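Thank you all for coming. Please have a look at the chain on the screen while I walk through a few of its parts.

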Amino acid sequence: MSRRHLLATVLCLGLGIAPVVQAWENEIFSLRNRWENITTAMDETRRADALSSLAGEARALAEANPDTSEVLVWQGIILASLAREVGGLDALGPAKDARRVLERAIEIDPQGYHGSAYVTLGALYDRAPGWPVAFGDDDTAERMFQRALEIRPEGIDVHYYYAAFLADEGRDAEALEHARRAMEGQAREGRQASDEVLRRQAKDMVERLED
């Protein structure tokens, strides 16, 4: 939140006036909650279609709010989830779109919505095929994860996805360290369901790496 927005909120509270909520904030709340349900509770056979529909809503919201970083970050998260769900060559379109909107979000807000843009970009650069098929690049992926760690050093998602990257690179000792930190991390408000899924996956990773 910008200092101007924070000051306005404090003044409103001090005067007993409810702070103004931007229309897009309600939309983001709805998108986030439905994304949580799709990715953590919905049957796998229905996820791709549900995420595709959600991505269409996120695109419309981003078109109406092209300079709002939080909107773009959530569009990118949804598109990245869609790419992961569909897999194969069908994933390239949403993956490239996710990278584009997340990079734009970072241009607007260098913190990338509390590091979430960097975590998602790191996962995209890690999983996407390399040139000439797509944009995958291990060095860029690691830079994204390290930037996310600078911004949110206790994030479950940051440590889990970085651990997965390190394990794929054969850097098991480092992967084990970050997987353990993911297990010990703090779940985010409004993201408890997805963070707890990552915590369990981190626990499974720790058990594999310790064998």
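Arg 191 is in contact with Arg 32, Trp 35, Glu 36, Trp 74, Ile 77 and Ser 116, if we leave aside its neighbours within four places in sequence, and contact here means heavy atoms within 4.5 Å. This is a predicted model, in which local features need pLDDT of at least 70 and side-chain atom pairs count only at pLDDT 80 or more, while totals for chains, interfaces and linings use all residues. Residues are numbered from 1 along each chain as its sequence is written, and side-chain values use heavy atoms, with hydrogens and water left out.

Arg 191 lies in the loop between helix H9 (172-184) and H10, where helices are DSSP runs of H or I with at least four residues, numbered from the N terminus. Arg 191 and Arg 34 are 157 residues apart in sequence, and their C-alpha atoms are 11 Å apart in space. Is Arg 191 buried or exposed? With a relative accessible area of 9%, Arg 191 is buried, since buried means under 20% relative accessible area, exposed over 50%, and partly exposed in between, using a 1.4 Å probe and protein chains only.

Asp 195 lies in helix H10 (residues 192-210), and at 0% relative accessibility Asp 195 counts as buried too. The side chain of Asp 195 makes a polar contact with the side chain of Arg 188, at 2.7 Å; a polar contact is a pair of N or O atoms within 3.5 Å, and within protein one must be able to donate a hydrogen and the other to accept it, while residues adjacent in sequence count only if both atoms are side-chain atoms. Not counting residues up to four places away in sequence, Asp 195 touches Ile 156, Asp 157, Gln 186, Ala 187 and Arg 188.

Let me turn to a pair of helices. Helix H6 (residues 116-127) and helix H7 (residues 138-151) pack at an angle of about 160°, with their axes 8 Å apart; axes are lines fitted to C-alpha atoms, for helices over the stretch in contact, and angles run from 0 to 180 degrees between N-to-C directions. H6 and H7 are therefore roughly antiparallel to each other, as angles over 145 degrees count as roughly antiparallel, under 35 as roughly parallel, 65 to 115 as roughly perpendicular and the rest as oblique. Among the residues that meet are Tyr 118 and Val 119 in H6, and Met 144 and Phe 145 in H7.

How values were computed: Helices (H or I, at least four residues) and strands (E, at least two) are DSSP runs, numbered from the N terminus.
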